Amino acid sequence: MLWLILACLTAIVLLVLLRPLARESEGDATEAASSAREGFDAAVYRDQLAEIDADRARGLIGEAEAEAARIEIARRLLATDGKARASAGAQREGATSRAALIGVTALLPLVALGFYLSYGSPGLPDQPLALRLKDPANEQNIAALVARVEARLREHPEDGEGWDVIAPVYLGWRRYGDAANAYEQAIRLLGPSASRLSGLGQAVVLKNDGVVTEEARRALERALTLDKTLLEPRILLSIAKEQDGKFAEAVEAWRALLQMADTNAPWREMVEQRIALAETKRDGKPLPQPSAQDVAAAEAMSPAERQAMIESMVQGLAARLETQGDDLPGWLKLVRAYSVLDRKDEATKALARAKSQFTGNAAAIRELDALAAELGLKS
């Protein structure tokens, strides 16, 4: 009876394995559907970029928030592009895989029988349910898997493989601080690699609302020295040049990146937009003005809505300066905004905090004092 059951199971396995050969056209349709979904995702991300630019033009969000959102969407575009490349590779390898599948399925019964006769032990008792539930193969919930890895890392913080596995998950979940820490631990325990350094740089940039800090810059540059084909570090380092005011260098970096892009790469349009903006700033030309539609939308706001929008922008700026205190233009903008809103006490406190951030920087202190005198604040 046992052998009859085994024979039936083998026949079922063979049927499942051979079925794709009889349904090749359906497999091609699935690949086409997958490609269509990736194209749709890329189109959605491009629309989101346009919406961010429109919201920024209307003043609904600040430049820092807009830049952070652009970087996150760029990361997702790159991920979509990676999936498209993998799908194309899978299609190219389809013929070889089918030939190998025929050979494997033909030999499978003989090999399985040989292993069973040599190593099989049908008399062994069944594994208890409690132990089987602990088998990772039975765990379908990724959140539960992550929780399990986190629990293990609390008990074994020197497990480099665990940090290496969980870091990109944190990054995908937008837990940027946790992702940065996980990448740092993986690098410390397993050593630097291009993917770990690139992930660390991305996490640090996103944790800092799109600002490419010196820590992120070092990680991204090291990643490129190990793998010059990586796209994410090139994009973020190009953005860093813009943030440093080096627009000519930024244009060159963006153009070099564009040469690496396939004609259908989903992030190509984003790079072209960055080139146009960097060229505008490099040449000292005025930035594009809001469209008539954007202006009309802003004018249609009630006074309460407009006031709420301004308050939200000021709060966002104040929150960012708590973690990025070396942004002198940001402090000047915040002090002036509080003064315009007739919140003199908060303007004075912000001025004092700014001056404490720039202790020893005579030029910065002079600018802050000049603004205080202009606004009639106690400095």
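I began by settling a term: two residues are in contact when heavy atoms lie within 4.5 Å. I also reminded myself that this is a predicted model.

**Entry: two helices**

I looked up which residues touch where helix 11 and helix 12 meet. On the helix 11 side I found Arg-234, Ile-235, Ser-238, Ile-239, Lys-241 and Glu-242. Facing them in helix 12 are Phe-247, Glu-249, Ala-250, Ala-253, Trp-254, Leu-257 and Met-260. Sorted by class, this contact has 8 nonpolar, 1 polar and 4 charged residues.

Next I checked the geometry. Helix 11 covers residues 232–243 and helix 12 covers residues 247–260; their axes are 8 Å apart, at an angle of about 160°. Angles over 145 degrees count as roughly antiparallel, so that is how helix 11 runs relative to helix 12. Their crossing is left-handed.

**Entry: salt bridges**

How many salt bridges does the structure hold? I noted 15, and picked a few to look at.

Glu-249 and Lys-241 join through their side chains, 3.6 Å from N to O. Glu-249 is partly exposed at 39% relative accessibility, and Lys-241 is partly exposed at 26%.

Arg-268 pairs with Glu-272, with the closest N and O atoms 3.6 Å apart. Both sit in helix 13, 4 residues apart, so about one helical turn separates them.

Lys-355 bridges to Asp-369 at 2.9 Å between the closest N and O atoms. This pair links distant parts of the chain, helix 17 and helix 18, 14 residues apart. Is Lys-355 buried or exposed? Its relative accessible area is 18%, so I wrote down buried. Asp-369 is partly exposed at 29%.

Last, I found a salt-bridge network linking Glu-150, Arg-175 and Asp-178.

Key:
Residues are numbered from 1 along each chain as its sequence is written. This is a predicted model: local features need pLDDT of at least 70, side-chain atom pairs count only at pLDDT 80 or more; totals for chains, interfaces and linings use all residues. Side-chain values use heavy atoms; hydrogens and water are left out. Axes are lines fitted to C-alpha atoms, for helices over the stretch in contact, and angles run from 0 to 180 degrees between N-to-C directions. Angles under 35 degrees count as roughly parallel, over 145 as roughly antiparallel, 65 to 115 as roughly perpendicular and the rest as oblique. A crossing is left-handed if the near helix is turned anticlockwise from the far one by less than a right angle, and right-handed if clockwise. Ala, Val, Leu, Ile, Met, Phe, Trp, Tyr, Cys and Pro count as nonpolar, Asp, Glu, Lys and Arg as charged, and the others, Gly among them, as polar. A salt bridge is a side-chain nitrogen of Lys or Arg within 4 Å of a carboxyl oxygen of Asp or Glu. Buried means under 20% relative accessible area, exposed over 50%, partly exposed in between (1.4 Å probe, protein chains only).
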